[in-house]
Structure formats: structure tokens, C-alpha cells
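Please look over the sequence and the structure first.

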Amino acid sequence: MNIKVLGAHNCERQNFKMVSLLVDGVLAIDAGALTSSLSLEEQRKIKALLLTHQHYDHVRDVPALAMSLFLGGAATRIYSIPAALDVLARHLLNDEIYPDFRQKPEQNPTLSFTVLKPNKAETIEGYTVLAVPVHHGVPTVGYQVTSGDGKSVFYTGDTGPGLAECWQRVSPQLLIIEVTSSDRFAEWAAGAGHLTPALLKQELESFQKVNGYLPRVVAVHMNPALEEEIAAEIAAVAQALGCSITLGYEGMQISI
Ligand SMILES: [Zn+2]
Ligand SMILES: [Zn+2]
């Protein structure tokens with residue numbers, strides 16, 4: 001399984017894109033940086049897009065991708081929980097801000113929505129996909145994606161602390177987890193449903209307790225302005241736990 005990090009941050013500026021992952025070129029997770037990172041040919045290969053939640057930094061390229069695919073004569077399927085799909089339909093693809101590509105073109109619409117039930121594994125494009133609830137200000141799920149040869153990645157989406165229950169449902173080789181802020185904002189982060197390196201450490205200890213091992217860890221959704229602080233604090237966490245934790249970056253490729 002090859003995972004490409006298209007966007008690794010929580011906001012966009014030159015050299016920093018919002019969070020988006022691409023698995024084996026065919027399955028995208030979150031849409032913060034899909035269109036600007038991929039050629040039309042690469043966009044056409046996206047057979048499924050999994051959305052973790054409704055926040056703008058995770059869904060904003062859905063209309064842009066849809067227009068690009070529409071003009072390119074292609075289509076894709078979007079999977080998420082009801083709250084996120086409902087917000088997309090009401091606020092972005094509502095025939096006001098942009099066309100409802102679920103009806104356009106009439107014969108073979110560019111987009112279709114599929115509702116996922118949390119904690120129920122589904123087969124999507126040959127992968128086993130499990131949506132697992134995490135802790136954020138709006139309904140949010142992380143996704144475990146498992147390939148036919150048994151390789152698994154779990155991406156948390158945006159989440160605050162308290163993932164013990166989540167860890168009981170997943171056992172990935174690779175954990176892609178959000179770390180939005182540095183530790184001096186820990187109180188804000190925990191309240192807003194985000195993590196810092198110290199909070200990440202607690203969650204990894206909890207993971208180890210539940211699963212008996214630590215996976216390779218890649219942090220994403222960093223605030224670019226805090227990235228240096230986050231990197232230093234994460235290095236200390238990795239050393240304390242004796243595991244590999246790296247910061248994701250735009251263009252990073254990970255093979256498991
Ligand atoms: Zn969010
Ligand atoms: Zn976010």
C-alpha cells in the first residue's frame with residue numbers, strides 16, 4: 001500500500017496545503033488539497049473519496065474536484081457519515097454556491113454519495129474500510145483502510161484526546177494522526193477537539209496498552225506557524241516512547 005500525503009496542514013499558504021491523503025492513487029481521504037496536487041489524469045483515477053467530517057479544511061476541494069471530473073467526463077463516489085454529506089449537499093453542492101453534481105450530468109452524475117455506518121466495515125474499491133468515531137466539535141470519524149494483502153493504515157481525521165475506545169477497533173501498521181498545535185496550546189486543543197505532542201503521547205500510551213505495540217506514526221494537520229515547536233516536542237515524545245513519529249509534509253510518500 002502506498003500512501004501519498006497531498007496536504008499535511010490545517011490551513012493553506014505557499015508550500016502548505018490542507019489535509020488530504022491518497023491511497024494507491026485510487027482512494028482519497030479528505031479533500032483539503034486534492035485538485036491543486038493532482039493532474040486531471042490523477043483526479044480521474046480517484047474512485048472513492050472518504051470524508052472524515054464536514055469542516056471546510058477537509059471538504060473544500062469537493063466542488064472543485066467535481067467540476068474538474070465533470071469537464072473531464074469522469075465520476076467518483078463520496079463516502080462519509082450523514083452529518084458531513086448533509087452539510088456538503090446543503091452548503092456547497094446546493095445549486096447556489098456550485099452545481100449539485102449528484103444530478104449532473106443527468107445520465108451519469110459526476111458524484112454519488114454513500115452513507116457509512118460507524119464501526120461497520122465496508123468493502124470499497126477492494127479495500128476494507130472501517131469508519132471509527134473520534135472526538136471533535138462536530139461528528140467525525142477516522143478511517144482504517146486495509147488492503148487485500150492485510151496492510152492497514154488508520155487516519156484519525158481531526159480529534160481531541162480520549163481515543164481508548166477507538167484503539168480497540170483498529171490495529172494498523174501505520175497511524176496518521178492529527179497534531180494541530182504545540183503544547184503551550186494544550187488546554188485550547190483538548191477543548192477544541194485537537195491534539196498536541198503531549199496529548200499525542202497519552203494517546204499512544206493508550207494505543208500500546210490496548211494493542212500491545214506501537215505502529216509507525218505520522219503527524220498531520222499541523223498549524224504551519226507552530227510547526228517548529230511541534231517538531232521539537234514530537235521528537236521528545238518519540239524518544240520517550242521509543243517509536244518512530246514523523247511529521248507529514250506535502251508530497252510525502254509512505255509504503256507499508
Ligand atoms: Zn475539524
Ligand atoms: Zn481540520
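Phe154 and Trp167 are both buried in this predicted model. Their ring centres lie 6.2 Å apart and their planes meet at 80 degrees, so the pair is edge-to-face. The two residues come from distant parts of the chain, with Phe154 in strand S10 (residues 152–155) and Trp167 in helix H6 (residues 164–167), 13 residues apart. Together with Phe207 and Tyr213, Phe154 and Trp167 make up one aromatic cluster.

A pair of aromatic rings is described by the distance of the centres and the angle of the planes. Five aromatic pairs occur in the structure. Another of them is formed by Tyr98 and Phe101: with centres 6.0 Å apart and planes at 65 degrees, the pair is edge-to-face because the angle is over 60 degrees. Phe101 is buried, at a relative accessible area of 0%, whereas Tyr98 is partly exposed at 30%. The two pairs are set out below.

| Pair | Distance between ring centres | Angle between planes |
|---|---|---|
| Tyr98 and Phe101 | 6.0 Å | 65 degrees |
| Phe154 and Trp167 | 6.2 Å | 80 degrees |

A ring also takes part in an arrangement with a charge: the charged end of Arg102 sits over the ring of Phe113, 4.9 Å from the ring centre.

Leu175 belongs to strand S11 (residues 174–178). Its relative accessibility of 0% counts as buried. Beyond its neighbours within four places in sequence, Leu175 is in contact with residues including Phe154 and Trp167. The other contacts of Leu175 include Thr156, Leu204, Pro215, Arg216, Val217 and Val218. The C-alpha atom of Leu175 is also 6.1 Å from that of Tyr155, although these residues are 20 residues apart along the chain.

The next element is helix H9, which runs over residues 227–241. Its 15 residues reach 21 Å from the first C-alpha to the last, close to the 21 Å expected at 1.5 Å a residue. Which residues of H9 are buried? They are Glu227, Ile230, Ile234, Val237, Ala238 and Leu241. Viewed down the axis of H9, these buried residues fall within an arc of 100 degrees, so they line one face of the helix. An α-helix has 3.6 residues a turn, so residues three or four places apart point the same way. On the other side of H9, Glu228, Ala232, Gln239 and Ala240 are exposed.

The buried residues of H9 pack against helix H8 (197–211), strand S12 (216–220) and strand S13 (245–247). Pro197 lies in helix H8 and is buried, with a relative accessible area of 0%. Setting aside residues up to four places away in sequence, Pro197 touches Ile230, Glu233, Ile234 and Val237, among others. Val179, Ser181, Ser182 and Asp183 are also among the residues that Pro197 touches. Just after H9, Gly242 has a positive phi of about 65 degrees.

The last topic is the cysteines. How many disulfides are there? The count is zero. Cys243 is in no disulfide, and the nearest cysteine sulfur, that of Cys166, is 17 Å away. Cys243 counts as buried at 16% relative accessibility, while Cys11, at 23%, counts as partly exposed.

Methods. Residues are numbered from 1 along each chain as its sequence is written. Chains are lettered from A and ligands numbered from 1 in the order in which they are written. This is a predicted model: local features need pLDDT of at least 70, side-chain atom pairs count only at pLDDT 80 or more; totals for chains, interfaces and linings use all residues. Side-chain values use heavy atoms; hydrogens and water are left out. Helices (H or I, at least four residues) and strands (E, at least two) are DSSP runs, numbered from the N terminus. The expected span of a helix is 1.5 Å times one less than its number of residues. Buried means under 20% relative accessible area, exposed over 50%, partly exposed in between (1.4 Å probe, protein chains only). The arc is that of the directions from the helix axis to the C-beta atoms. Contact means heavy atoms within 4.5 Å. Rings of Phe, Tyr and Trp (its six-membered ring) pair if their centres lie within 6.5 Å; planes under 30 degrees apart count as stacked, over 60 as edge-to-face and the rest as tilted. A charge sits over a ring if NZ of Lys or CZ of Arg is within 6 Å of the ring centre and within 35 degrees of the ring normal. A disulfide is a pair of cysteine sulfur atoms within 2.5 Å.
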